[in-house]
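Visitor: Could you take me closely through one part of this model, the place where the two protein chains meet?

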Amino acid sequence: MPQNDVVAQLGLDEYKYGFRDEVEYKFKSRKGLDEEIVRQVSEQKGEPEWMLKTRLKALKHALARPWPKWGGDLSGLNFDDIYFYIRPSDGVGRTWDEVPETIKNTFERLGIPDQERRILAGVGAQYESEVVYHSLKEEWEKQGVIFKGMDDGLRDHEDIVREYFGTVVPYRDNLFAAVNTAVWSGGSFVYVPAGVKLDMPLQAYFRINAESMGQFERTLIIVEEGAEVQYIEGCTAPSYARESFHSGVIEIIVKEGARSRYTTIQNWSHNVYNLVTQRATVARDASHEWIDGNLGSKLTMKYPSVYLMGEGARGEILSIAYAGNGQHQDAGGKAIHMAPHTSSRIVSKSISRGSGRSSYRGLLRVDPGAKHARSNVECDALLLDEEARTDTYPYIEVEEADASIGHEATVSKIGDEQLFYLMSRGLSEDEAATMVVRGFIEPIAKELPLEYAVELNRLIELEMEGSVG
Amino acid sequence: MAEPLVKIVDLHAEVAEDGTEILRGVNLEVKEGEIHAIMGPNGSGKSTLAKVISGHPAYEVTEGDVLFRGESILDMEPDDRARAGIFLAFQYPVEIPGVSIANFLRTSLNSHRDEDIDIFDFQDLLISKMEMLGMDPAFAERSVNDGFSGGEKKRNEILQLAMLEPTLAVMDETDSGLDIDALKIVSAGINQVKQEHQNDMSVLLITHYQRMLNYITPDFVHVMLAGRVVRSGGPELALALEEKGYEWAKELSLA
Ligand SMILES: Nc1ncnc2c1ncn2[C@@H]1O[C@H](COP(=O)(O)OP(=O)(O)OP(=O)(O)O)[C@@H](O)[C@H]1O
Ligand SMILES: [Mg+2]
């Protein structure tokens with residue numbers, strides 16, 4: 001098959017969300033990470049003293065901690081070149097009219113207000129370091145659901161935040177969790193009271209606009225007994241020559257008999273380091289699902305985890321990664337079985353092209369006492385050409401003899417026979433390749449709400465143009 | 001009729017990767033509306049010929065030409081050939097996991113049209129063609145060839161033929177792997193599509209056995225041996241082959 005000029009076709013120009021805005025910021029820290037910056041962030045927010053103390057402890061830990069040697073190449077990420085805090089506006093709008101014009105236009109271009117009207121229960125929008133918009137439909141508010149920016153959550157519900165903050169992802173967990181804890185800003189605070197079942201998703205949208213920006217949102221979701229919630233997160237950024245840095249922490253507490261699902265469609269521009277810690281604790285007979293789509297970024301390191309702490313708890317991690325030229329997607333999942341009769345399922349699908357590289361990194365652990373645990377791990381990699389690379393690093397630690405564990409890994413190359421078959425039916429080479437890729441991710445795409453499945457397919461189509469080598 | 005629909009002239013083709021020659025001078029003419037059968041032992045190059053006609057990138061034509069309506073198609077990509085009206089029913093249909101037959105067929109059909117077909121018209125069309133081939137409409141939701149039985153794969157190829165309505169249908173061992181009832185249905189399906197199009201459709205039928213030719217009567221029968229057409233005749237040639245075997249044809253070709 002002819003070698004197309006994929007670099008030209010898929011250069012930065014192609015990234016659809018790569019536009020940038022000229023915005024007057026209310027406050028912009030100097031570059032770098034140190035105590036002065038952390039104190040500035042805290043002061044800007046006027047937050048309680050205990051939070052400042054937590055930040056400073058985390059900072060100390062972050063600065064002392066060695067950088068990870070595994071995963072991706074972090075040598076291009078230098079904290080001294082990053083703005084750790086940028087405040088774009090004052091306060092959080094409850095209607096789009098309260099959001100500054102330029103920023104509102106950005107979200108209009110991203111289609112957020114339109115989706116909000118049609119399919120969502122609530123929307124949060126973060127621009128740089130701060131949440132600029134937040135709303136929740138009245139019917140849910142009446143039932144006691146809380147959906148706010150994390151800063152407002154801390155101000156209005158300090159007792160709840162204090163009880164849970166850092167309990168699921170302690171700052172000691174990893175370097176980036178420590179950095180996030182030190183300088184966190186924005187993110188969502190979600191509280192779903194016992195028995196309340198949201199039948200429409202909540203969505204948060206994260207936008208980085210400034211060059212060399214670091215975004216450190218902090219999300220805390222508490223799903224009380226028997227409650228149900230679905231949360232969706234989308235992310236984009238303009239394309240700059242210099243690297244930006246996104247490092248969120250997401251903590252989710254799923255209580256007895258509750259159900260939650262967290263979906264991410266990450267489509268950062270190809271200059272963003274995306275290093276995220278997401279973890280859920282799952283109580284007795286409760287379930288949590290992570291659905292994770294990683295399309296953009298320069299490097300993503302992200303391993304959504306479920307801690308199955310109560311008997312009969314269930315966890316699922318479904319992920320799709322697309323690594324195009326110059327991208328590295330190091331993704332996977334962790335399932336920790338800590339109680340009897342817990343079950344987990346990890347399905348990871350990756351697509352790599354050109355100099356793109358995707359790795360599956362997963363941990364499956366069955367602790368002593370977690371009798372009759374069941375787990376199934378499936379990772380499938382699809383390579384689009386001879387150059388593309390994929391690796392798997394599955395770690396399995398099982399301390400109970402009666403655990404039932406399945407693990408399956410496949411690597412396939414998009415076949416000349418498949419392409420020829422489809423082309424002999426009239427599809428162009430790009431259409432044929434796109435169809436094979438769509439089919440490959442279908443088992444995960446079908447788990448997404450229709451609007452997002454369509455969007456995912458469209459993004460893949462865009463990435464696939466001129467992709468067959 | 002003046003110009004044949006397909007004219008294959010002294011066609012030589014080799015495996016692109018290692019230069020192994022497989023087709024060593026094939027000559028063949030198919031006029032509009034004709035049905036030709038190609039027979040020949042395993043490895044004689046029948047599938048290779050079919051794939052070269054459709055433009056498979058694994059083969060390189062080193063000499064000769066394939067003319068379609070008087071013009072060489074050798075520089076055309078497989079999808080351009082498909083849109084020009086050439087269809088290949090595969091001997092070994094390829095699996096496309098996660099892509100439904102309905103989605104695949106709609107995309108294929110649209111690629112042949114200037115304007116996309118209306119989704120409801122498509123549904124009607126698909127269901128009518130599936131009925132003709134004795135297929136359960138639920139089958140359209142299954143992934144293309146994924147986990148299909150041999151017979152199901154072949155039937156799916158005929159469904160594509162019926163949907164795409166080509167000018168030239170190359171059928172590579174569509175009869176193999178079919179049970180007796182399926183053979184009847186599939187043959188009847190091919191006949192019906194053919195009858196609907198009369199002179200607008202020609203068929204090149206690759207087969208090992210007379211039994212399919214009992215249902216679909218060819219105008220001509222050709223025997224391929226070691227990359228060449230060594231003998232051509234009427235339907236009686238197939239019967240003679242069945243009786244006397246390829247050794248006989250081999251001797252004839254040497255004589
Ligand atoms: N891509 C390829 N690479 C190497 N050898 C090939 C390739 N394609 C075909 N051949 C060889 O060319 C010869 C002809 O193969 P072909 O499939 O055309 O035969 P056929 O007549 O269709 O046989 P059958 O009746 O068994 O289907 C065989 O020896 C086969 O191994
Ligand atoms: Mg063959």
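Guide: The contact, meaning heavy atoms within 4.5 Å, takes 17 residues from chain A and 34 residues from chain B. This is a predicted model, in which local features need pLDDT of at least 70 and side-chain atom pairs count only at pLDDT 80 or more, while totals for chains, interfaces and linings use all residues. Residues are numbered from 1 along each chain as its sequence is written, chains are lettered from A and ligands numbered from 1 in the order in which they are written, and side-chain values use heavy atoms, with hydrogens and water left out.

About 2000 Å² is buried between chain A and chain B, with carbon and sulfur atoms giving 67% of that area; buried area is the accessible area (1.4 Å probe) that two parts lose on being put together, summed over both. On the side of chain A, F420(A), Y421(A) and R425(A) lose the most area to chain B, together 39% of what that side buries.

R425(A) also meets E157(B) through their side chains in a salt bridge, at 2.7 Å from N to O, where the term requires a side-chain nitrogen of Lys or Arg within 4 Å of a carboxyl oxygen of Asp or Glu; the count between chain A and chain B is one salt bridge. The elements of chain A that give two or more residues to the side touching chain B are α10 (416-423) and α11 (429-445), helices here being DSSP runs of H or I with at least four residues. Of these, α10(A) supplies the largest share, six residues.
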